[in-house]
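Colleague: I'd like to learn how to read a pair of packed helices and a chain-to-chain contact. Could you walk me through it?

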Amino acid sequence: MSSPQQYPPREATVQEALQWISDGRCSSHDLVSRYLDFLETEGKELGAVVETFETEALAAAKLSDKRREQSELLGPLDGIPFTAKMNITTAVGTTDASSSMLVGFKAGEDATVVRRLLAGGAVLVGKTSCDEFAMGATNETSCHGVVANPWDRSRVPGGSSGGAAALAGSHGWAFHLGSDTGGSIRLPAAFCSATGFKPTWGRVSRRGLIAFGSSLDQIGPIARDASDCALVLDCIEGADPLDSTSLHQLDESRDPIEKVALVSEGFGPGIDDSIREAVRAAAEQMEQHGVEITEVSLPQLHAANACYQVIATAEASSNLARYDGIHVGNRVAADDLQLLYEKSRRAGFGVEVRRRILLGTFVLSAGYRDAYYSRAQAVRDLIREGVDHALEQVDALLLPVSPFAPFPIGERIDDPIALYACDILTVTANLAGVPALALPCGFDEAGLPIGMQLMGARGSDRRLLQLGQQWQQWTAHHRDLPVGSPS
Amino acid sequence: MHPGCGERGSAIVSDDFVPIDPGRPVVDAELVKKTARLARLELIDEEVEALVHHMERILDMVETLRSVQIPDGLETQGEARTETVSRLRNDESAVDGQPGGPRDAESIGKNAPDWRDGTFVTPRVLG
Amino acid sequence: MSWQTVVGLEIHAQMATRSKMFCSCRRETGVDPNHNICPVCSGWPGALPVINEAAVRYAIRAAICLDCTIQRESRFDRKNYFYPDLPKGYQISQFYRPYALGGAISFEREDATAGRLPLVRIHMEEDAGKTIHSADGTSRIDLNRCSSPLLEIVTEPLEMSGIEAASCVRSLRDLLRWVGVTDGDMEKGNLRCDVNVSVRPDASAELGTRTELKNLNSFVSIQRSVEVESKRQIEVLEKGGTIRQETRLWDQDLEVTEEMRSKEDSPDYRYFPEPDLPVVVIEQQDIDRERQSLPELPAERFRRLVDDLGLDPKEASPILARRENCDFFFALLEAGLSAASASNWFRGEVLRHLNDRSERIDQYPLAAEAIASVVKAVEEDRISVGKGREILQQALDEQRDPSEILSESGEQISDHSALVGWVTSVMSENPGAVNKIKSGDSKPMGFLMGQLMKASGGQAHPRLAQELLQKMIEQD
């Protein structure tokens, strides 16, 4: 009698799942099939998954198993399932940025990062929900419905990559592609107790990413741990002739991080006590393991959110002008061209997106541009310099990801200012173009996840991930699963 | 510690960046409607007031920008600083099927809301 | 009261690259609508622009020829507006930091003196698609042209007439075409021109308010629209009115400028630097390399034709209309013709033929050397001018090498005894005509010459034969 099929434990990382497969304890097809079950049940209950690709994924997994038999693996991720955020184009399925404007849009071609992963044998299993056009911090603006936090389904998972993080936070074996413009990888990772990485701007190709704030956007992995994120980065990073802003020379330095500074502004009175404590405790643990901990003040951070709001919305107002009801996307028919534009855009965009387009249009408009957009760019330069300067004295900066714990669904969505407050600690990394790694570092009294972030100098992606990997050898926060998760 | 802004003696002088401080602009229905027209967003009357209110609060939040001391002569490049210089593309049409290559009209057209006779269809364009 | 017309030009020249400005779609006309489109030029989500290196090279060439100062670093910016043939909702252009500043267009004034129209700047940008009005009341968008590479050349305002304005655009077009930057065909739309017109009482007065004229798609319309608009403005001002700064459309048929119906008088383009494209760097070596690869420029060739070879400037100009024309002309010289002959025959035969059929020199089937051999035969008096022309025409009609035809047809006969033979026989066969001529009536001379040419099978040297006939009649 054959023994029942064994699977890696639910919280197993990609690396651990790969070990299972290479040990022959289960096949990629078994793994992917089981994972698809999870997506179709819990994934959909959470609202995290919009589309799954069962036929294509199982076929791909079979091919992977064949390659493994013949020792002809395409890469280290061969056979591993992954999802892509709804704002990343894929040849299969649709890419709608969770917006009514683009529902049904078939890109017909993979984004560069997806193409590279598929060429490495990874198996695309589904597309995840996100805030509409990646504009949000709670994944409450998706046209596919609200996404729930697996740790407490009455609470938000964070956004805009809420679907990806919710999946990563509740189940291992896979990795998820998200995008980060002002914290959209790191915030949901922190809220869902997953690990999320935003690379140096330009390190990963943006081709195939539906643009929000072009000078701020980056695609990055959300997974169970930093090792998984590093594996994904290996595959997706590097120059892309189809993205003029992708870096041609990557810094691969892996010099260990020896000196980390806590950013004082991340521990001020506006931050929840439990969060401050958890991150300080994390710093102490690092110190016990030989990392020198200091503190630094970055006063420019007070203007960071304002700066981000102006620049991100300005770029977004332009990036979203192409959705005009004429050559792509959906429309509301009208006999007059201007009415066609206005009605199509009103119907296609949710209220938060429309607010941001309005603000972005305003800050670029005649008479206001100098006072807002130009000034924000000057402030951005100062912020960048301040961060660069601080990172000359230390190897990395440490601060919380969010000022507060995951809050109830519906609590902040009608109060945009309260919503934008979620971003205050994350936008700096995007403004300065520096890499940032979000790591689970504990839970508050209510059992809700707390995340911390490490920021490094531009190009220090490998060094950050390395420290993250070490940290996750000294601790086990990242191994937890929500209470009541089936095994 | 960031030393503050006094040490930027080497900043390039720019003709076109002159920090203007017109005072916080007055946000009213007129401004919101004008901006919405510019952005081709239809507004219904009921939402104008809420938008005025929202814009005011955002501009309040964004006031912190004005409190930042911009050193004299700081030229803002106005673009994301990047270590890259534009890489140019060879003047060739891409091979069919190559990523980033041309597509046949139908594959582009089928994602358009109104595509007939191989063209995108709109109401009559004036002017 | 005498008024001065002041004109400024904004010219868009489509660069003659193989692919588009920011994507690898082919740049071509005469194909089905939307034949050459892709996610980038169609403005699809997730698509990003990548600069065409040939466009930058051609831009450098244009700036070198026009004596501009090329900026080492320049940037692209987004010009945001909504229009159906602009799928991204913005045009990628260069607003804040164009790649070239200054420079000038050399042109000929009406009084044949040299004119110089200073330039403000040149920048690179992408073209929009085409909007076609359909019979069913809709408009149809064709994105074939969308994102083709353009150069926008902006001039300073300068006092000039309508004729001179057209001359400026023609000079610019000829120069850019000469160096291969553009096909420059206004009718095909790859050269477009907007004109700013103002008037002022005299050169010392401030510049008047200008109007912008659009929809000029020929040199004639440039000339006429300037003339008509400056006249209109003068009339308004003389009546005590003021000129409104506006855009007006030129109506070719009615020869009037009209207010545009559009409500947006000064659109807000909300320019900001294009975040998807880092700076464009043009190094000195890039400029040097382009400079070295340039052919000899029209100004230098003009000098050669007029100063060195002694051609009249009016003759030089059709030769210089295109570089290929000039190359053909120099090939004629190289085949041994004098400048004067080459010029006469080139304009009289080659260009005439091409103009009649609206063709270009690259469609001309006869080789320069072959034409030269025929011309030499004429100049050496071996055949008559008329015969020479005939041979060339026959060569074109029968698609044969003219030197072949030349060797087949006999050369004209100047042999004195042969001529005497024919003159004698013609005189003896036509005594009546001879008598008439002797009595002072020269009319029959033509008839006799005709008979003589018939008798000689067309080969008698006409001039010599006529002289001999005259002499022998006198001596008769």
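Modeller: Start with handedness: a crossing is left-handed if the near helix is turned anticlockwise from the far one by less than a right angle, and right-handed if clockwise. Helices (H or I, at least four residues) and strands (E, at least two) are DSSP runs, numbered from the N terminus. This is a predicted model, where local features need pLDDT of at least 70, side-chain atom pairs count only at pLDDT 80 or more, and totals for chains, interfaces and linings use all residues. Residues are numbered from 1 along each chain as its sequence is written, with chains lettered from A and ligands numbered from 1 in the order in which they are written.

Colleague: So which handedness does the crossing of helix 2 and helix 3 of chain C have?

Modeller: Right-handed. Two packed helices are described by the angle between their axes and the distance between the axes. Here the axes of helix 2 (residues 162–178) and helix 3 (residues 219–238) of chain C come within 7 Å and cross at roughly 145°. Axes are lines fitted to C-alpha atoms, for helices over the stretch in contact, with angles from 0 to 180 degrees between N-to-C directions.

Colleague: And how many residues do chain C and chain B put into their contact?

Modeller: Residues are in contact if their C-beta atoms, placed from the backbone, lie within 7 Å. Chain C gives 43 residues and chain B 33. On the chain C side, strand 10 of chain C brings the largest share, five residues.

Colleague: What does strand 10 of chain C pair with?

Modeller: Strands pair if DSSP finds at least two bridges between them. Strand 10 of chain C runs antiparallel to strand 2 (residues 119–123) of chain B, over four bridges. There, B:Pro123 has C:Thr138 as its bridge partner.

Key
Two residues are in contact if their C-beta atoms, placed from the backbone, lie within 7 Å.
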